[in-house]
Amino acid sequence: MKNSIVLMGRMPLFFLVTAYLCNLKLPVLIAAGSVSACMIPILIRQKKKEEDQRRKLEESSFYMEQLIYSFRRHHKIPAALRDVSRITEGNLKRYVTEALEKLEGDFVEDDLFQRAFIHIETEYGHHLMHVLHTFLIRVEEQGGDCVLALELLLNQLRDWKKNQKTFAGRKKSIQSRLVLAVILSCLICLAVVRMMPAAADVADITAYQLCTGTGLVIFQVLYIVFSTMSAGAGLEKTGMEENSRESRQLEKLYRQLDSPVHGIRYWSTVRRLEQEISMHFPEWMFDMILRLQTENVQTAIAHSLDGAPEVLVRPLYRMIRKQQEDPVSIQPYLDFLKEFDLPEIHAVMLQLYAVNDVGKEEIKEQIYAMLDQNRHLTETAFELKTDSVLSWMGMLAAVPMLVSVIMLVVNLSLMLFSFLGEMYRL
């Protein structure tokens, strides 16, 4: 942690030295230095947040992997948690122990397993962990062969870990580009000042002091904003407030979709919903693939509604209602998301319908076919999520060069006016 604090102190010190070498007067220098001083506690807090996020990702990955291995051996949640508690430490061990104590206590509750897992999901929760817990609870309560499903979960976990690592690498790359852009922008401004002839006396002009001082403050604010965005950036949204806000936004989009007027706003809403569906459909589909291990298609769809992504709740509800009217018809599968241009998703839904007409021997082949198709959809969803999260950060990395160009134009103009003034006096 001490090394991290030293490294974070380099950027504020760089800004302060740059302000001094740009010949800024004491009031402007104090203003720029105050911003530099405020940067240090903010950056320390953001660094700690990033380290906590990285630790939680590592712990959640380790927890899910060990839970799968232990459950495959014991086929009982308490025994699996007992194994996991023996090889964990720190906060993770505390939450696993609390869940185990809840299960081994004298509680008689209908949703005992959900209540046991809730603290772990609150601390580390993401969609894959919820899917894993839900599946283990279903096997615990209903029984059945779960070996194939656990293998699918392990493969999904490996893909999830790879995506998290790729996302972290892209985020670090954008951060490096912004830092480089800020440093180069400061050096360009400093080089222009140092190359100015002393006779020009540009540094004494109030406009130069304000322009250069403001530019350096903007660079520091950009760096702070970027660090804050980077620390808060993640592939999955968490928290009740964020989920509630997302739910309200989706409800608003669906109301716009029901509008009889198909203008620019309508087609913009369609594109937005298509993107949201593409990002979250693979999550629901993987949950369906797991459910098909122990349930038929219609029952699996009905049971998946409670934990489905918010953007799919409304289409799924319509589909379930149509299935109740005509249980054997293919039409509910054809009508699912028919208002959107999503051919790959429509193909998966037809594969899902085909599972109704195959025997037990062929179900495994159908599941692997759907899993392969869903893997391609997951890759597309990952790209969409990454672009959605990192797009603003990428745009922010171009701002320092724009600010430096404005400062360069202003300072060179001041130098030109100063020379013309000297020539006029001569």
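The structure is a predicted model, in which local features need pLDDT of at least 70 and side-chain atom pairs count only at pLDDT 80 or more, while totals for chains, interfaces and linings use all residues. Residues are numbered from 1 along each chain as its sequence is written, and side-chain values use heavy atoms, with hydrogens and water left out.

**The protein as a whole**

The secondary structure comes to 17 helices and zero strands, where helices (H or I, at least four residues) and strands (E, at least two) are DSSP runs numbered from the N terminus. Of the 426 residues in the protein, 44% are buried, a word that stands for under 20% relative accessible area, with exposed meaning over 50% and partly exposed lying in between (1.4 Å probe, protein chains only). Among the contacts with a separation of 6 or more, 72% are between residues 24 or more positions apart, and contact here means heavy atoms within 4.5 Å.

**Helix H11**

Helix H11 covers residues 264–291, and its 28 residues should span 40 Å at 1.5 Å a residue, which agrees with the 40 Å between its end C-alpha atoms; the expected span of a helix is 1.5 Å times one less than its number of residues. H11 bends by about 35° at His 280, and Pro 282, a proline, follows within four residues. This bend is the angle between axes fitted to the seven residues ending at a residue and the seven starting there. H11 is also mostly covered, since 21 of its 28 residues are buried.

**Two packing partners**

Two packed helices are described by the angle between their axes and the distance between the axes. Axes are lines fitted to C-alpha atoms, for helices over the stretch in contact, and angles run from 0 to 180 degrees between N-to-C directions.

| Helix pair | Angle | Axis distance |
|---|---|---|
| H11 and H15 (residues 343–354) | roughly 15° | within 12 Å |
| H8 (residues 147–195) and H11 | about 160° | 9 Å |

Angles under 35 degrees count as roughly parallel, over 145 as roughly antiparallel, 65 to 115 as roughly perpendicular and the rest as oblique. H11 and H15 are therefore roughly parallel to each other, and the contact is made by Ile 277, Phe 281, Trp 284, Met 285 and Met 288 of H11 with Ile 345, Val 348, Met 349 and Leu 352 of H15. H8 and H11, by contrast, are roughly antiparallel to each other, and here Ala 149, Leu 152, Leu 153 and Gln 156 of H8 meet Phe 286, Ile 289 and Leu 290 of H11.

Tyr 95 lies in helix H5 (residues 90–104) and is buried, with a relative accessible area of 13%. Not counting residues up to four places away in sequence, Tyr 95 touches His 119, Ile 120, Glu 123 and Tyr 124.

Gln 209, found in helix H9 (residues 206–232), counts as buried at 5% relative accessibility. With neighbours within four places in sequence left aside, Gln 209 is in contact with Asn 23, Leu 24, Lys 25, Val 28 and Ala 203.

Gln 373 has its place in helix H16 (residues 360–396). The C-alpha atoms of Gln 373 and Ala 347 are separated by 8.9 Å, although the two residues are 26 residues apart along the chain. Leaving aside neighbours within four places in sequence, Gln 373 is in contact with Glu 344, Val 348 and Gln 351.
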